[in-house]
Amino acid sequence: MNTSYILNHLGEDNEQYFGAIAPPIIQSSNFAFPTVAAFREAIAQEYDSHVYTRGNNPTVKILRQKLAALEGTEDALVLSSGSAAVAATLISQVQAGDHIVCVDAPYSWTKILLQNFLSRFGVTYTYVDGTSIAAIEAAIQDNTKVLYLESPNSLTFECQDLAKCAALARQYGLTSIIDNSYASPIFQQPAQLGIDLVVHSGTKYLNGHSDVVVGVVCGDKAKLEQIFADTYMTLGPIISPNDAAMVLRGLRTLELRMQRTHQSGLYIAQQLEQHPKVKQVIHPFLPSFPQYDLVQQQMKGAGGLFSAHFKANSIEEMEAFSNKLVELNRMQLAVSWGGHESLIIPSATFHNMPDREDSPIPWTLVRFYIGLEDPQWLWEGIEEALLLLN
Ligand SMILES: *Cc1c(COP(=O)(O)O)cnc(C)c1O
(Lines give C-alpha, C1' and ligand atoms only; values in the text may rest on other atoms or scores of the structure.)
Protein backbone atom coordinates (compact mmCIF):
# COMPACT_ATOMS: atom_id res chain seq x y z
CA MET A 1 0.00 0.00 0.00
CA ASN A 2 1.25 3.48 -0.79
CA THR A 3 2.76 5.06 2.33
CA SER A 4 1.52 8.58 1.58
CA TYR A 5 -2.02 7.19 1.15
CA ILE A 6 -1.79 5.44 4.53
CA LEU A 7 -0.57 8.58 6.32
CA ASN A 8 -3.01 10.99 4.70
CA HIS A 9 -6.20 9.01 4.02
CA LEU A 10 -6.42 5.36 5.12
CA GLY A 11 -9.08 4.63 7.74
CA GLU A 12 -10.75 8.04 7.31
CA ASP A 13 -14.25 8.43 5.93
CA ASN A 14 -15.39 12.04 6.21
CA GLU A 15 -18.90 11.29 4.93
CA GLN A 16 -19.44 9.73 8.35
CA TYR A 17 -18.67 13.00 10.10
CA PHE A 18 -20.16 15.97 8.21
CA GLY A 19 -17.41 15.99 5.57
CA ALA A 20 -14.88 17.11 8.16
CA ILE A 21 -11.32 16.80 6.86
CA ALA A 22 -9.82 16.31 10.32
CA PRO A 23 -11.14 13.14 11.95
CA PRO A 24 -13.33 13.84 14.99
CA ILE A 25 -12.15 13.21 18.53
CA ILE A 26 -14.84 10.84 19.84
CA GLN A 27 -14.42 11.74 23.49
CA SER A 28 -16.86 9.15 24.81
CA SER A 29 -16.28 6.34 27.28
CA ASN A 30 -19.21 4.18 26.13
CA PHE A 31 -21.40 3.51 23.10
CA ALA A 32 -25.17 2.92 22.89
CA PHE A 33 -27.10 0.21 20.95
CA PRO A 34 -30.60 0.34 19.44
CA THR A 35 -31.68 -3.18 20.46
CA VAL A 36 -30.77 -5.95 22.87
CA ALA A 37 -29.77 -8.11 19.89
CA ALA A 38 -27.30 -5.49 18.66
CA PHE A 39 -25.98 -4.98 22.21
CA ARG A 40 -25.51 -8.75 22.63
CA GLU A 41 -23.70 -9.08 19.31
CA ALA A 42 -21.29 -6.23 20.10
CA ILE A 43 -20.44 -7.58 23.55
CA ALA A 44 -19.88 -11.05 22.10
CA GLN A 45 -17.33 -9.57 19.69
CA GLU A 46 -15.85 -6.71 21.64
CA TYR A 47 -12.58 -6.78 19.69
CA ASP A 48 -14.42 -5.68 16.55
CA SER A 49 -17.07 -3.44 18.16
CA HIS A 50 -17.39 -0.08 19.88
CA VAL A 51 -18.68 -1.02 23.32
CA TYR A 52 -16.38 0.80 25.73
CA THR A 53 -13.32 3.00 25.13
CA ARG A 54 -11.03 0.81 27.27
CA GLY A 55 -11.39 -1.64 24.38
CA ASN A 56 -12.21 0.33 21.22
CA ASN A 57 -12.74 3.94 20.27
CA PRO A 58 -13.40 5.27 16.74
CA THR A 59 -10.60 7.89 16.86
CA VAL A 60 -8.13 5.29 18.14
CA LYS A 61 -9.40 2.89 15.45
CA ILE A 62 -8.25 5.20 12.65
CA LEU A 63 -4.80 5.27 14.21
CA ARG A 64 -4.74 1.48 14.55
CA GLN A 65 -5.52 1.01 10.86
CA LYS A 66 -2.76 3.37 9.77
CA LEU A 67 -0.14 1.81 12.08
CA ALA A 68 -1.00 -1.74 10.97
CA ALA A 69 -0.76 -0.70 7.31
CA LEU A 70 2.60 0.99 7.91
CA GLU A 71 4.04 -2.25 9.31
CA GLY A 72 2.16 -4.36 6.77
CA THR A 73 0.35 -6.36 9.48
CA GLU A 74 -3.31 -7.31 9.85
CA ASP A 75 -3.93 -5.09 12.86
CA ALA A 76 -2.40 -2.92 15.58
CA LEU A 77 -3.23 -1.96 19.15
CA VAL A 78 -2.38 1.48 20.52
CA LEU A 79 -1.35 1.82 24.17
CA SER A 80 -0.60 4.60 26.62
CA SER A 81 3.21 4.26 26.34
CA GLY A 82 5.92 2.28 24.61
CA SER A 83 6.68 0.55 27.89
CA ALA A 84 3.00 -0.44 28.19
CA ALA A 85 3.21 -1.91 24.68
CA VAL A 86 6.36 -3.89 25.53
CA ALA A 87 4.91 -5.12 28.84
CA ALA A 88 1.40 -5.95 27.57
CA THR A 89 2.91 -7.85 24.63
CA LEU A 90 5.59 -9.79 26.52
CA ILE A 91 3.40 -10.68 29.51
CA SER A 92 0.65 -11.97 27.22
CA GLN A 93 3.04 -14.55 25.72
CA VAL A 94 4.33 -16.24 28.90
CA GLN A 95 3.25 -18.17 31.98
CA ALA A 96 5.06 -19.18 35.16
CA GLY A 97 7.88 -21.58 34.27
CA ASP A 98 8.48 -20.09 30.81
CA HIS A 99 11.75 -18.61 29.55
CA ILE A 100 12.53 -15.64 27.30
CA VAL A 101 15.61 -15.17 25.13
CA CYS A 102 16.31 -11.43 24.95
CA VAL A 103 19.05 -9.46 23.21
CA ASP A 104 21.73 -7.87 25.40
CA ALA A 105 21.07 -4.40 26.78
CA PRO A 106 17.44 -3.85 25.76
CA TYR A 107 15.67 -0.57 26.56
CA SER A 108 16.06 0.19 30.29
CA TRP A 109 12.45 -0.47 31.34
CA THR A 110 12.31 -3.66 29.25
CA LYS A 111 15.29 -4.83 31.28
CA ILE A 112 13.44 -4.01 34.51
CA LEU A 113 10.34 -5.85 33.23
CA LEU A 114 12.44 -9.01 32.76
CA GLN A 115 14.71 -8.72 35.80
CA ASN A 116 12.43 -7.29 38.51
CA PHE A 117 8.87 -7.83 37.35
CA LEU A 118 8.47 -11.07 35.35
CA SER A 119 10.96 -12.82 37.65
CA ARG A 120 8.39 -12.37 40.49
CA PHE A 121 5.97 -14.51 38.47
CA GLY A 122 8.37 -17.36 37.73
CA VAL A 123 9.42 -16.29 34.22
CA THR A 124 13.17 -16.53 33.53
CA TYR A 125 15.28 -14.98 30.79
CA THR A 126 18.70 -15.17 29.15
CA TYR A 127 20.45 -12.21 27.55
CA VAL A 128 22.30 -13.01 24.34
CA ASP A 129 24.63 -11.29 21.91
CA GLY A 130 22.04 -10.61 19.22
CA THR A 131 24.70 -10.06 16.55
CA SER A 132 25.29 -13.86 16.56
CA ILE A 133 22.54 -16.23 15.38
CA ALA A 134 24.54 -19.12 16.89
CA ALA A 135 24.49 -17.40 20.30
CA ILE A 136 20.72 -16.89 20.06
CA GLU A 137 20.13 -20.52 19.11
CA ALA A 138 22.40 -21.75 21.92
CA ALA A 139 20.32 -19.80 24.49
CA ILE A 140 17.03 -21.48 23.53
CA GLN A 141 15.81 -23.93 26.19
CA ASP A 142 12.95 -26.45 26.25
CA ASN A 143 10.77 -23.92 28.09
CA THR A 144 11.66 -20.89 25.90
CA LYS A 145 8.53 -19.20 24.55
CA VAL A 146 9.71 -15.80 23.27
CA LEU A 147 12.60 -14.37 21.29
CA TYR A 148 12.75 -10.65 22.12
CA LEU A 149 14.70 -8.37 19.76
CA GLU A 150 15.60 -4.70 19.53
CA SER A 151 17.29 -3.82 16.25
CA PRO A 152 19.10 -1.48 16.25
CA ASN A 153 19.20 -0.75 19.97
CA SER A 154 18.99 2.92 20.85
CA LEU A 155 22.41 3.61 22.37
CA THR A 156 25.06 1.45 20.70
CA PHE A 157 22.92 0.28 17.74
CA GLU A 158 23.70 -3.46 17.62
CA CYS A 159 21.43 -5.17 15.07
CA GLN A 160 20.01 -8.65 14.60
CA ASP A 161 19.52 -10.42 11.29
CA LEU A 162 15.73 -10.27 11.37
CA ALA A 163 14.96 -12.81 8.65
CA LYS A 164 17.25 -15.36 10.31
CA CYS A 165 15.83 -14.63 13.78
CA ALA A 166 12.29 -15.05 12.46
CA ALA A 167 13.19 -18.41 10.86
CA LEU A 168 14.87 -19.58 14.07
CA ALA A 169 11.85 -18.58 16.17
CA ARG A 170 9.57 -20.47 13.79
CA GLN A 171 11.79 -23.56 13.89
CA TYR A 172 11.64 -23.67 17.73
CA GLY A 173 7.98 -22.59 18.03
CA LEU A 174 8.79 -19.26 19.73
CA THR A 175 6.91 -15.98 19.41
CA SER A 176 9.29 -13.40 17.97
CA ILE A 177 8.86 -9.82 19.19
CA ILE A 178 10.87 -6.76 18.14
CA ASP A 179 11.08 -3.23 19.48
CA ASN A 180 11.19 -1.31 16.17
CA SER A 181 11.25 2.19 17.67
CA TYR A 182 14.68 3.13 16.27
CA ALA A 183 13.88 2.66 12.59
CA SER A 184 10.11 3.31 12.54
CA PRO A 185 8.07 1.42 9.92
CA ILE A 186 9.30 3.92 7.31
CA PHE A 187 12.80 2.45 7.46
CA GLN A 188 12.27 -1.14 8.67
CA GLN A 189 9.29 -3.50 8.49
CA PRO A 190 10.17 -6.57 10.59
CA ALA A 191 6.82 -8.32 10.04
CA GLN A 192 7.68 -8.47 6.33
CA LEU A 193 10.75 -10.50 7.33
CA GLY A 194 8.66 -12.90 9.42
CA ILE A 195 8.75 -11.36 12.91
CA ASP A 196 5.44 -12.04 14.74
CA LEU A 197 4.88 -8.92 16.84
CA VAL A 198 6.31 -5.44 16.30
CA VAL A 199 6.23 -2.96 19.19
CA HIS A 200 7.00 0.76 19.18
CA SER A 201 7.48 3.62 21.49
CA GLY A 202 5.26 5.89 19.40
CA THR A 203 6.44 8.70 21.68
CA LYS A 204 9.49 8.87 19.42
CA TYR A 205 9.06 9.14 15.64
CA LEU A 206 5.43 8.09 15.18
CA ASN A 207 4.02 11.04 17.13
CA GLY A 208 7.19 12.99 16.49
CA HIS A 209 6.45 16.27 18.29
CA SER A 210 7.49 15.51 21.89
CA ASP A 211 3.98 16.06 23.22
CA VAL A 212 2.38 12.59 23.56
CA VAL A 213 3.52 9.37 25.26
CA VAL A 214 2.18 6.42 23.22
CA GLY A 215 2.95 2.79 22.40
CA VAL A 216 2.00 0.40 19.61
CA VAL A 217 1.94 -3.33 18.93
CA CYS A 218 1.39 -4.65 15.38
CA GLY A 219 0.79 -8.23 14.26
CA ASP A 220 -1.68 -10.89 13.12
CA LYS A 221 -5.28 -10.40 14.18
CA ALA A 222 -5.26 -13.72 16.06
CA LYS A 223 -2.25 -12.70 18.16
CA LEU A 224 -3.64 -9.22 18.81
CA GLU A 225 -7.03 -10.63 19.82
CA GLN A 226 -5.19 -12.74 22.38
CA ILE A 227 -3.32 -9.68 23.72
CA PHE A 228 -6.60 -7.70 23.70
CA ALA A 229 -8.44 -10.33 25.77
CA ASP A 230 -5.47 -10.77 28.11
CA THR A 231 -3.26 -7.85 29.16
CA TYR A 232 -4.90 -5.06 27.14
CA MET A 233 -8.40 -5.28 28.62
CA THR A 234 -7.32 -6.36 32.10
CA LEU A 235 -4.50 -3.87 32.69
CA GLY A 236 -6.25 -1.09 30.74
CA PRO A 237 -3.22 0.72 29.26
CA ILE A 238 -5.22 2.68 26.66
CA ILE A 239 -4.53 5.99 24.94
CA SER A 240 -7.12 8.77 25.23
CA PRO A 241 -9.08 9.74 22.08
CA ASN A 242 -7.54 13.20 22.33
CA ASP A 243 -3.97 11.89 22.36
CA ALA A 244 -4.85 9.51 19.50
CA ALA A 245 -5.91 12.54 17.43
CA MET A 246 -2.59 14.22 18.18
CA VAL A 247 -0.71 11.14 17.01
CA LEU A 248 -2.84 11.08 13.83
CA ARG A 249 -1.71 14.64 13.16
CA GLY A 250 1.91 13.71 13.89
CA LEU A 251 1.71 10.84 11.39
CA ARG A 252 0.81 13.17 8.50
CA THR A 253 4.47 14.20 8.28
CA LEU A 254 6.11 10.92 9.36
CA GLU A 255 7.69 10.22 5.97
CA LEU A 256 9.01 13.78 5.59
CA ARG A 257 10.38 13.85 9.13
CA MET A 258 12.11 10.48 8.74
CA GLN A 259 13.80 11.55 5.51
CA ARG A 260 14.92 14.82 7.09
CA THR A 261 16.32 13.29 10.29
CA HIS A 262 18.05 10.52 8.32
CA GLN A 263 19.78 13.02 6.03
CA SER A 264 20.66 15.48 8.80
CA GLY A 265 21.76 12.77 11.24
CA LEU A 266 24.00 11.12 8.66
CA TYR A 267 25.47 14.49 7.67
CA ILE A 268 26.40 15.34 11.29
CA ALA A 269 27.72 11.79 11.85
CA GLN A 270 29.94 12.09 8.75
CA GLN A 271 31.26 15.49 9.83
CA LEU A 272 32.03 14.15 13.30
CA GLU A 273 33.78 11.06 11.93
CA GLN A 274 36.25 13.29 10.08
CA HIS A 275 36.94 15.54 13.07
CA PRO A 276 40.28 15.07 14.88
CA LYS A 277 38.66 15.29 18.35
CA VAL A 278 36.35 12.35 17.64
CA LYS A 279 37.48 8.80 18.43
CA GLN A 280 34.54 6.85 16.97
CA VAL A 281 31.07 7.47 15.57
CA ILE A 282 28.50 4.66 15.94
CA HIS A 283 25.87 5.11 13.21
CA PRO A 284 24.30 2.19 11.32
CA PHE A 285 24.57 3.95 7.95
CA LEU A 286 28.29 4.77 8.17
CA PRO A 287 30.45 2.23 6.29
CA SER A 288 32.56 1.98 9.48
CA PHE A 289 29.58 0.41 11.32
CA PRO A 290 30.45 -3.26 12.07
CA GLN A 291 27.10 -4.56 10.71
CA TYR A 292 26.89 -2.14 7.77
CA ASP A 293 26.11 -4.90 5.21
CA LEU A 294 23.25 -6.33 7.29
CA VAL A 295 21.85 -2.83 7.83
CA GLN A 296 21.86 -2.20 4.06
CA GLN A 297 19.89 -5.43 3.59
CA GLN A 298 17.12 -4.86 6.10
CA MET A 299 16.86 -1.08 6.66
CA LYS A 300 16.05 1.81 4.32
CA GLY A 301 17.32 4.55 6.59
CA ALA A 302 18.41 5.39 10.12
CA GLY A 303 16.65 8.48 11.41
CA GLY A 304 18.57 10.96 13.52
CA LEU A 305 19.87 8.87 16.43
CA PHE A 306 23.56 7.92 16.79
CA SER A 307 26.43 8.03 19.31
CA ALA A 308 30.01 9.27 19.29
CA HIS A 309 33.07 8.80 21.51
CA PHE A 310 35.19 11.93 21.90
CA LYS A 311 38.88 12.39 22.64
CA ALA A 312 38.54 14.24 25.92
CA ASN A 313 41.02 14.43 28.79
CA SER A 314 38.49 14.61 31.58
CA ILE A 315 34.84 14.27 32.44
CA GLU A 316 34.85 18.04 33.06
CA GLU A 317 35.86 18.62 29.44
CA MET A 318 32.96 16.46 28.24
CA GLU A 319 30.60 18.42 30.47
CA ALA A 320 31.93 21.74 29.13
CA PHE A 321 31.45 20.51 25.53
CA SER A 322 27.87 19.43 26.27
CA ASN A 323 26.99 22.61 28.16
CA LYS A 324 28.37 24.68 25.27
CA LEU A 325 25.98 22.97 22.84
CA VAL A 326 23.10 23.97 25.13
CA GLU A 327 24.41 27.53 25.52
CA LEU A 328 24.61 27.86 21.71
CA ASN A 329 20.93 26.72 21.49
CA ARG A 330 21.94 23.85 19.19
CA MET A 331 21.15 20.89 21.48
CA GLN A 332 18.99 20.34 24.52
CA LEU A 333 19.86 18.00 27.38
CA ALA A 334 16.89 15.65 27.61
CA VAL A 335 15.87 12.01 27.41
CA SER A 336 13.80 10.63 24.54
CA TRP A 337 14.23 11.39 20.81
CA GLY A 338 12.23 11.37 17.59
CA GLY A 339 10.72 14.84 18.00
CA HIS A 340 11.40 18.12 16.21
CA GLU A 341 14.26 19.12 18.52
CA SER A 342 17.89 18.05 18.60
CA LEU A 343 19.03 16.43 21.83
CA ILE A 344 22.10 15.05 23.54
CA ILE A 345 22.59 12.61 26.39
CA PRO A 346 26.23 12.74 27.50
CA SER A 347 27.22 9.50 29.25
CA ALA A 348 29.04 11.81 31.71
CA THR A 349 25.59 12.45 33.25
CA PHE A 350 25.62 8.90 34.62
CA HIS A 351 29.05 9.26 36.26
CA ASN A 352 29.74 10.92 39.63
CA MET A 353 26.10 10.41 40.67
CA PRO A 354 25.51 10.41 44.42
CA ASP A 355 24.97 6.87 45.81
CA ARG A 356 25.09 5.26 42.37
CA GLU A 357 27.70 3.22 40.59
CA ASP A 358 29.19 4.83 37.50
CA SER A 359 27.62 3.74 34.21
CA PRO A 360 29.56 1.00 32.36
CA ILE A 361 29.38 3.27 29.28
CA PRO A 362 32.50 5.50 29.28
CA TRP A 363 31.99 9.24 29.84
CA THR A 364 33.55 9.90 26.44
CA LEU A 365 30.28 8.85 24.75
CA VAL A 366 27.51 11.24 23.78
CA ARG A 367 24.23 10.08 22.25
CA PHE A 368 22.94 12.56 19.67
CA TYR A 369 19.47 12.94 18.27
CA ILE A 370 19.37 15.26 15.27
CA GLY A 371 15.96 16.86 14.87
CA LEU A 372 14.45 19.02 12.17
CA GLU A 373 16.73 22.09 12.50
CA ASP A 374 19.11 23.16 9.71
CA PRO A 375 21.95 20.57 9.89
CA GLN A 376 24.58 23.07 8.68
CA TRP A 377 23.71 25.44 11.53
CA LEU A 378 23.79 22.53 14.00
CA TRP A 379 27.24 21.47 12.77
CA GLU A 380 28.63 25.01 13.14
CA GLY A 381 27.62 24.89 16.81
CA ILE A 382 29.10 21.43 17.34
CA GLU A 383 32.40 22.58 15.73
CA GLU A 384 32.51 25.55 18.08
CA ALA A 385 31.84 23.36 21.14
CA LEU A 386 34.55 20.90 20.02
CA LEU A 387 37.13 23.70 20.54
CA LEU A 388 36.66 23.02 24.27
CA LEU A 389 38.21 19.54 23.95
CA ASN A 390 42.01 19.66 24.23
C1 LIG B 1 11.45 5.22 24.70
C2 LIG B 1 11.60 3.80 24.38
C3 LIG B 1 10.73 2.83 24.92
C4 LIG B 1 9.66 3.18 25.93
O5 LIG B 1 8.69 3.97 25.35
P6 LIG B 1 7.80 5.01 26.21
O7 LIG B 1 6.90 5.56 25.18
O8 LIG B 1 8.77 6.00 26.77
O9 LIG B 1 7.13 4.24 27.28
C10 LIG B 1 10.89 1.52 24.51
N11 LIG B 1 11.87 1.17 23.64
C12 LIG B 1 12.72 2.06 23.13
C13 LIG B 1 13.77 1.61 22.18
C14 LIG B 1 12.62 3.40 23.47
O15 LIG B 1 13.48 4.28 22.98
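Biologist: At what angle do the axes of H3 and H10 cross?
Modeller: This is a predicted model. In it, helix H3 covers residues 58-71 and helix H10 covers residues 241-251. Their axes come within 8 Å and cross at roughly 40 degrees.

Biologist: Is H3 oblique or roughly parallel to H10?
Modeller: The crossing angle is roughly 40 degrees. Angles under 35 degrees count as roughly parallel. The pair therefore falls in another class, and H3 is oblique to H10.

Biologist: Is the crossing of H3 and H10 left-handed or right-handed?
Modeller: Look along the pair where H3 passes H10. The crossing is left-handed.

Biologist: How many nonpolar residues does the contact of H3 with H10 have?
Modeller: H3 brings Thr59, Val60, Ile62, Leu63, Lys66, Leu67 and Leu70. They meet Pro241, Ala244, Ala245, Val247, Leu248 and Leu251 of H10. By class, 1 residue is polar and 1 is charged, and the number of nonpolar residues is 11.

Biologist: Is H11 oblique or roughly parallel to H14?
Modeller: Helix H11 spans residues 254-273, and helix H14 spans residues 375-386. Their axes are 10 Å apart and meet at an angle of about 30 degrees. Under 35 degrees counts as roughly parallel, so H11 and H14 are roughly parallel.

Biologist: How many charged residues does the contact of H11 with H14 have?
Modeller: The H11 side includes Arg260, Ser264 and Tyr267. The H14 side includes Pro375, Gln376 and Trp379. By class, the contact has 8 nonpolar and 3 polar residues, and the charged count is 1.

Biologist: Is the peptide bond from Ser151 to Pro152 cis or trans?
Modeller: Pro152 sits in the loop between strand E4 (144-150) and helix H7 (162-172). Omega for the bond from Ser151 to Pro152 is near -10 degrees, and the bond is cis.

Biologist: What is phi of Ser210?
Modeller: Ser210 is in the loop between strand E6 (197-201) and strand E7 (215-219). Ser210 is a residue other than glycine, yet its phi is positive. The value is near 55 degrees.

Notes:
Residues numbered from 1 in each chain as written. Predicted model: local features only at pLDDT ≥ 70, side-chain atom pairs only at ≥ 80, totals over all residues. Heavy atoms only, no water. Axes fitted to C-alpha atoms, helices over the stretch in contact; angles between N-to-C directions. Helix = DSSP H or I, 4+ residues; strand = E, 2+ residues; numbered from the N terminus. Parallel < 35°, antiparallel > 145°, perpendicular 65-115°, else oblique. Left-handed = near helix turned anticlockwise from the far one by under 90°. Contact = heavy atoms within 4.5 Å. Nonpolar A, V, L, I, M, F, W, Y, C, P; charged D, E, K, R; others polar.
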